[in-house]
Amino acid sequence: MKRSLLRLAGIAAVVGLWAAGALAQAPNFSKYVALGDSYGAGYGSGCLVAREQRFSYPAQLAKSFGITDFQQPTISDPGIPTCNTITSLTPTFGPISKATGAPTNAALARSYDNLSVPGYKIADVSDKTTDNGGIADLILRGRGTQLNQALGLNPTFITLGIIGNDILTAGGAGFLQDGVTATPLPVFTTKYNSVAAALKAPGRTGVFIGTPDPRFIPLASTIPYYVVNPATRQPVRDAAGNVIPLLGSRDTGAAGCRVGPAGKVCPLPPGTLVTLIANAPQAALGGSSLLGLGFGIPCSVNPTLPRCDFPLPDGSFTPPATVNIGVVLYPDEVLAIDQRVRDMNAVIKSAAEANGFKYFDFYALSQDLMTNGRTYGGIHISTAFVTGGMFAYGEAVHMSPIGYTILADEIIQFINASYGTNLERPNIAQALFTPDVPPPGTTGTITLAASLEFTEEMWRGIFRSFPLQDESFDLVFSAEPAPAAERAAPVERGRVIRLPRKRS
Amino acid sequence: MKRPRFRLNRISLPLALVTFLAATPAFPSGFQVQTQGAKATGMGLAFTAVADDPSAIFYNPAGLGWQKHFEAQIGAEFLTKVKGDFEGSNPYPGNGVSEKQHSTTFVIPNVYAVVPLTNELNFGLGINSPYGLGFRWDNPETFSGRFVSQNAVIQTVDLNPVFSFQATPTFAVAVGADYRFSKVQLERNNAAINPLTNSVVDVAHVKLNSKIQDNHGWGWNAGILFKPIPQFSVGAAYRSRIKIDYEGTANFQQRLTNTPFDALVAPLIPQGSHPVETAIEFPATLNLGTAFTFPGDFLVSLEADWTQWTSFKTLDIRFPDLTGRDLHRDDEWRNSWAYRIGLQKKFGAMAFRAGYYRDKTPMPTEDIGPLLADNDRDGYSVGFGFGTDHWGIDVSDLYLKVHDRDNRGRSNDAFYGTFKEAVNVFAFSLRVAF
C-alpha cells in the first residue's frame, strides 16, 4: 500500500512538473508589442499611411490574438512621406499628392503597441531616441528608445522584426562593404544579443523574425542580366538562340571582354543581379535611364544607342564619405550578401533560442514565395514587380497589404505550430479585394516624367527607408563614365547629384 | 413455349442521347450515380443479390437468368439538392462569407429491356447515366470561388448490352459491354492584380465544353448470382474502368474593368474559341451482396460496394494551340466502400421497402472545393411496389445526408470553409412483361 502511494505521488509529481513546464511555455497574448522596422510598420508605396498600416503584420497578429486595443502610429492620406502610386501602365510612378499626411493617433497617452520604425537597424532599437524630426520621432514621440518603450508596456508577447536594414542596403547601393552598406557582423551580433537579452522576462514569449533572401525584393530580381527588348519584354537572342548578356566593367574571366568607348567591358555572367535603378530616368542623365541610353547594351544589338558598349556602373565607396551607387551585383557579391544574410539569421536564431523566443525563418519563406507565390481560391499572387500583387505600388522593396497579410498568415501559422495554439489566420480576401487607393480628393494633378520601371525619387525613397550605415554619406548617383573621347570634358563628371547630407 | 421475339425499335441514337442529357445529376458519390431503378433505390441500393427486375442489367446482370419473359422497364429519378451551402473561413474567402449552390431538380431517365433468347440465355439492354456531376454555384460573377469553378458538369449516357447464362437452376453468370458517351463542361473566371489599384479584378471568363457525340469509350461488365436455396442468394457484379478522351472547345471572353488595365490585359487573353482536350478515367466497381428471405416474405439484403477511385488521380486540361495555358490538377482520390442494407416486406401484390447505406467518400479533404465537395454520406430510403407477373410499378424516395465537411487548413484550392449538402431522390419505374 505504502509503495503504491509512493508510486502515485511520484507520478503526480512528474505530471505536475510536466504541466508546469507546459504552462511556462504557453504563450500569453494579452499584451502584444511589436518591435521592428518598415516591414513591421506596414510601410508600403513609399510611405506610412493608415489604409496600409491596418494590414501590417503586427496589426493582423494582434487581431488574431483577440486584442482590440492595439495602437499604431497611424498616418492620414496622402501619407508620410507622400505615398507613391502608379500613374500609368507604362508603368510610371509618382507621388499621389504634393501634400503630406498627418498623424492621427498622436494624442495617445502611452506608447504605441506597434513601435516599428522604418529604417531601423538593430542598434537603433536600443540606442536611438530621435531622428531629428523624422519618421522615428512620429513613432517614438520622445518617450525613449523603441526597446525602452516596449519594455515599459510590459508585454506578454513580442515580435522583433529587424529584417534587413543591416544588410539589404548593400543591394540598393550595388556593393557590400562593412561600415558603409552593411553592419559588421560582430557589431550586429553584439547588438542583437543585447536587445534579445533585454527582452527576456518571465512569462514573456515571442517571435524573432529573420531576414529574407536578398533576391526576394523586386529591386534586385526584376531586371535580368541579359538584354531585353523593351517593346516586347522578351530576351534578345543571338543567331544561335542564346541570350545576350548586358555589359559591366569587371572582367570575371568570361569570354567576350573587349575595349569599349569607356574602357574594358565584359558580359555579365549568369547570376548577376541588375537593380531597378538601371531603368530609372535620372536627372544626372538628362532624364534618361542607364539602359535607355544604352549603358550595358552591346552596340551589336543596337548601335543607335548613344552609350552602347558602355558598362553598367558597379558600386563603390570613395573615402571618406562618398558612396558611388552601382546597379550591378556580380555573383560573388550576391553570394557574399547572401552569406551575410545567412550569418545574421544564425545570430537571430541563436538569440531567440537563448532567450526563450522562437525564430521565424523569413529566409525560407522568401525563397518559397519567390518560387511558388501563393494562390488563394484560384487567385495567384507572386513577387513580380508591379503585376505580382505581393509588393506595393511601384515598390521595389516593401510589401503591399496583400504581401503583409501573407506574411502575417505565415507568422500566425508558425506560432500555432510552435506553441500548439489555434490562432485564427487572417482574412486575405480583405486585402485581395480592397483597392489600395487614397480616398477621393486626396490627390492633386501630378505631372510625371515617363519611366520604364522605376523613378529616381523612388530610389531615393529606398534609402530613406533603408539608410546606409552613416546617414552623412554622400550618395553619388550614376556617375556616368565619360566616353574616352570626352574624358577631358569635366562637365560629364559633374553631372552627378548628391543627396543632402543628413546628420543623425 | 414460344418466346417473344425481341425487336428493337428504330430509336435514333441522337434522340436517345438528347433525352438522357436533359438530365444532369445533382449529386455525386464521387460523381457516381447509383440510383438507376426505383426498386433498388427503395432498398438502399442493396440490390446485387436481389436483381429481380430489369434494372438488374445495371445492378447485377446475372439476375436476368431468372427472368424468363420479355420485360421492359422505364423509369426516372428526380434529384433535388435540398441543401448546398458553403460557409467560408479565413484566410480565403474569409469568415462570414456564405455561398449557395444552384438548386434545381434534375431528371435521370433509365430504360431496360430483357429478351430471353433460349431457356438459359438472355439478352438485356440498358440505357442509363451511371456517372454525372452538376456543381453549379449561384451568383457566379460574385461567387468567391469563381476563379476555381463556377460550374462543373459531367454527363454520361451508357448503352449496356448484356448476355446472361443460367448454367444451373441455382447459378447464373452474365457479361456485357458498356459503351459510354460523355460530355464535360467547366466554367470559371480568371483573376489578375490590377496594378492601378493593387487589388484583384476579374479579367476573363473561360468556358470549356465538349459535345456528347464526340467523346466516348468502351468498357465491360459481368456478374454472378448464386441461389442455392430459394431463401438465400449471394451475388457479385463488376464494371471495368472506362477512359474517355475528350475533345472540345474553350471560349475565352475578356471581362472589362473599364480602366486602362483592360488594354494591357487584352493581348494576354486568347479571345475566341480554341481546341481543348482532357481525359477522365471512370472507375471500376465491384459490388458484393447477399440476401435472405425470411418467413412471411420478408427480405433482407446486405451489400458492400467498392469503387476504384484511384483511377481519378489527376485532371489535365490541355490547350493544343495555346502556350502556357495547360492546367494540371492532382486529385489523388482513394478507393471507397459503401455499405448497404435493404428490407422488403411483401403483402400479396404489394411490397414495402426501406433501406440505409453509408457511403464513404473517395475525396481527400485537400481536394474538396468549388469544383466538387464530397463527403461521407448516409442514405435513408423508403419504397413501395405493386405488381403482377405482367406489369409493375415501383416508387421510392431516398434522402441523402452528406456529412458537413470542413477543409480549414487543408485545401489545395486554398478555398477554406464548411460545405453542407443534402439531396432528395424520388424514383419511379414502370415494368411490363410478356
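Glu277(B) stands opposite Arg318(B) of strand β15(B). This pairing belongs to a predicted model. Here β12(B), residues 272-282, and β15(B), residues 314-318, run antiparallel and are joined by two bridges. Chain B holds four helices and 21 strands. Chain B also touches chain A, with 25 residues of chain B in contact with 28 residues of chain A.

**Strand β12 of chain B and its partners**

- Strand β12(B) also pairs with strand β11(B), residues 242-254.
- Eleven bridges join β11(B) and β12(B), and the two strands run antiparallel.
- Lys243(B) has Glu281(B) in β12(B) as its bridge partner.
- On the β15(B) side, the link to β12(B) consists of two bridges.

**Strand β6 of chain B and its partners**

- Strand β6(B) covers residues 151-168 and runs antiparallel to β4(B), residues 121-128.
- Eight bridges hold that β4(B)–β6(B) pair.
- In this pair, Leu121(B) faces Phe165(B) of β6(B).
- Strand β5(B), residues 132-136, is joined to β6(B) by five bridges, again in the antiparallel sense.
- Arg136(B) lies opposite Asn151(B) of β6(B).
- Strand β7(B), residues 171-194, pairs with β6(B) over 15 antiparallel bridges.
- Across that pair, Gln155(B) stands opposite Lys183(B) of β7(B).
- β6(B) and β7(B) form a hairpin, with two residues between the strands.

**Overall form of chain B**

- Chain B is made up of four helices and 21 strands.
- Its radius of gyration is 23 Å, close to the 22 Å that the globule rule gives for 434 residues, so chain B is as compact as a globular protein of that length.
- The C-alpha trace of chain B spans about 85 × 40 × 30 Å along its principal axes.
- Of the 434 residues in chain B, 48% count as buried.
- Take the contacts in chain B between residues at least 6 apart in sequence: 71% of them join residues at least 24 apart.

**Where chain A meets chain B**

- The contact involves 28 residues of chain A and 25 residues of chain B.
- On the chain A side, the elements giving two or more residues are β14(A), 374-376, and α15(A), 428-433.
- α15(A) gives the most to this side, with five residues.
- The chain A side divides into 14 nonpolar, ten polar and four charged residues.

Terms used:
Residues are numbered from 1 along each chain as its sequence is written. Chains are lettered from A and ligands numbered from 1 in the order in which they are written. This is a predicted model: local features need pLDDT of at least 70, side-chain atom pairs count only at pLDDT 80 or more; totals for chains, interfaces and linings use all residues. Two residues are in contact if their C-beta atoms, placed from the backbone, lie within 7 Å. Ala, Val, Leu, Ile, Met, Phe, Trp, Tyr, Cys and Pro count as nonpolar, Asp, Glu, Lys and Arg as charged, and the others, Gly among them, as polar. Two strands pair if DSSP finds at least two bridges between them. The radius of gyration is taken over C-alpha atoms; the globule rule is 2.2 Å times the number of residues to the power 0.38. A residue is buried if 20 or more other C-beta atoms lie within 10 Å of its own, exposed if 12 or fewer, and partly exposed in between; C-beta atoms are placed from the backbone.
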